[in-house]
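This briefing sets out selected features of the structure shown below. The points are grouped by topic.

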Amino acid sequence: MGGVSCTRQTTPAAAALAVVLLVMCSTVSSCPPSDRAALLAFKAALHEPHLGIFNSWTGADCCNKWYGVSCDQETRRVADINLRGESEEPIFERAHRTGYMTGYISPKICKLKRLSSITIADWKGISGEIPRCITSLPFLRIVDLIGNQISGTIPSDIGRLHRLTVLNVADNAISGWIPPSLTNVTSLMHLDLRNNKISGPIPRAFGNLQMLSRALLSGNQISGPIPESLTRIYRLADLDLSRNLISGPIPSSLGKMAVLSTLNLDMNRLSGAIPVSLFSSGISDLNISRNSLDGKIPDAFGVRSYFTVLDLSYNKLSGPIPKSITSASYVGHLDLSHNHLCGPIPTGSPFDHLEASSFVFNDCLCGKPLNKPC
């Protein structure tokens, strides 16, 4: 009987399969050429003269040590762009400076279809608009563009980004209204629009943002009332609407919110009485100064009243300082100046550690620390 040969024969088909597998493995191990081309087009629209953060953007594999670029481990598609102009990373420490970059955010960034986060923050000189096309990126969770000179409006169809958890465009020059479609982004947890040129009202359906924990809208030209629906956001802990043109009364339901701890409404056009609920709530930092609030300060303080900051200054409040303030668990900074208050300043805590500046420019307050006899 003839012997059986143990030599493996390589057929043409097997050789072709090996080549295909080799190409596939090589492709999976590096980023797709389309992602690399999109990143280079994005880079071409920007100019960073001092740090050289784009010097590492060389070679065929944009997933391999390209500064600020991260890829999905399985697909090797670009998932995150994280470029911050203020950082403690060695490239900044060696230069002994923060970053400065000019140019604009190229719409080519939207070619990165698996993008999960875009952070291009604190570069001071980046201008242009937010690319409209970012609303076509279905996996986008984080948009952080704080601290630039970006203008234009927030994309009107931003409500398409159903996975978005962070929208931070603070400290820019963005104008226009808050898009009503934003209230469709029910996954949103952090909204920061501070210090822009945003106008118009807060959308009436703002309360649809049930996952929201921080809503920071200060330093704009937002007008109209505080929508009642906002007070139904169970998770909202920090609400800052200060330095706007907001009018109407303060909704009493703000004081009934479950976890609200910081409420800044100062420098608006709010009117009417201060809701009693604000003084028996969980709010610890309350600033409603520089409005047109009138009536008396509610005599509603108690053991649940704990204020690190309580600022009611520059309003039209009248009547006496309520004696129940002395029963509050804690009052740190208190400012009642520039009102129409009258009568004796209560004694005891917290009044024994306050200065005269907390009470000046009222109609007829007397007692310590003003040193006006009653």
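**Disulfide links**

The link of C31 and C62 is right-handed, with 135° about the S-S bond. C31 lies in the loop between α1 (12–29) and α2 (33–44), and C62 in the loop between β1 (46–47) and β2 (69–71), so this pair ties together parts that are 31 residues apart in sequence. The model is a predicted one. A search of the whole structure finds 5 disulfides in it.

*The pair C31 and C62*

- The sulfur atoms of C31 and C62 are 2.2 Å apart in this disulfide.
- C31 has 4% relative accessibility and therefore counts as buried, given that the cut-off for buried is under 20%.
- C62 is also buried, with a relative accessible area of 0%.

*The pair C63 and C71*

- C63 is joined to C71 by a disulfide, with an S to S distance of 2.1 Å.
- The torsion about the S-S bond of C63 and C71 is about -95°, so this disulfide is left-handed.
- C63 counts as buried at 16% relative accessibility, and C71 counts as buried at 13%.

*The pair C342 and C364*

- A disulfide with an S to S distance of 1.5 Å joins C342 to C364.
- C342 lies in strand β23 (residues 340–344) and C364 in strand β24 (residues 364–366), so the pair ties together parts that are 22 residues apart in sequence.
- The link of C342 and C364 is left-handed, with -110° about the S-S bond.
- C342 is partly exposed, its relative accessible area being 29%.
- C364 likewise counts as partly exposed, at 33% relative accessibility.

*Pairing pattern*

- When the bonded cysteines of the chain are numbered in sequence order, the pairing reads 1-2, 3-4, 5-6, 7-8, 9-10.

**Strand pairing**

*The open sheet β1-β4-β6*

- An open sheet is formed by 3 strands in the order β1-β4-β6, with mixed pairing.
- β1 and β6 (124–127) stand at the edges of this sheet, each with a single partner strand, so one side of each is left without a neighbour in the sheet.
- Strand β4 (residues 101–104) and β6 run parallel and are joined by 4 bridges.
- Within β6, S127 is the residue that stands opposite Y104.

- In strand β5 (residues 117–121), 5 of the 5 residues are buried, so the strand is largely enclosed by the rest of the structure.
- Which residues cover the two faces of β5? S117, T119 and A121 lie on one side and I118 and I120 on the other, and all are buried.
- Strand β3 (residues 78–84) runs parallel to β5 and is joined to it by 5 bridges.
- D80 stands opposite S117 in β5.
- Strand β7 (residues 142–144) pairs with β5 in the parallel sense over 3 bridges.
- The bridge partner of T119 in β7 is D144.

**Aromatic rings and charges**

- A search of the whole structure finds 9 aromatic pairs.
- One aromatic cluster is formed by F42, F54, W57 and W66.
- R114 lies over the face of F139, at 4.0 Å from the ring centre.
- The ring of Y314 has the charged end of R290 over it, 3.8 Å from its centre.

- T183 is located in the loop between β9 (175–176) and β10 (190–192).
- Is T183 buried or exposed? T183 counts as buried, at 6% relative accessibility.
- The side chain of T183 reaches the backbone oxygen of P180 at a distance of 2.8 Å.
- Apart from its neighbours within four places in sequence, T183 is in contact with P203, A205, F206, N208 and L209.

Technical notes
Residues are numbered from 1 along each chain as its sequence is written. This is a predicted model: local features need pLDDT of at least 70, side-chain atom pairs count only at pLDDT 80 or more; totals for chains, interfaces and linings use all residues. Side-chain values use heavy atoms; hydrogens and water are left out. A disulfide is a pair of cysteine sulfur atoms within 2.5 Å. Buried means under 20% relative accessible area, exposed over 50%, partly exposed in between (1.4 Å probe, protein chains only). Two strands pair if DSSP finds at least two bridges between them. Rings of Phe, Tyr and Trp (its six-membered ring) pair if their centres lie within 6.5 Å; planes under 30 degrees apart count as stacked, over 60 as edge-to-face and the rest as tilted. A charge sits over a ring if NZ of Lys or CZ of Arg is within 6 Å of the ring centre and within 35 degrees of the ring normal. A polar contact is a pair of N or O atoms within 3.5 Å; within protein, one must be able to donate a hydrogen and the other to accept it, and residues adjacent in sequence count only if both atoms are side-chain atoms. Contact means heavy atoms within 4.5 Å.
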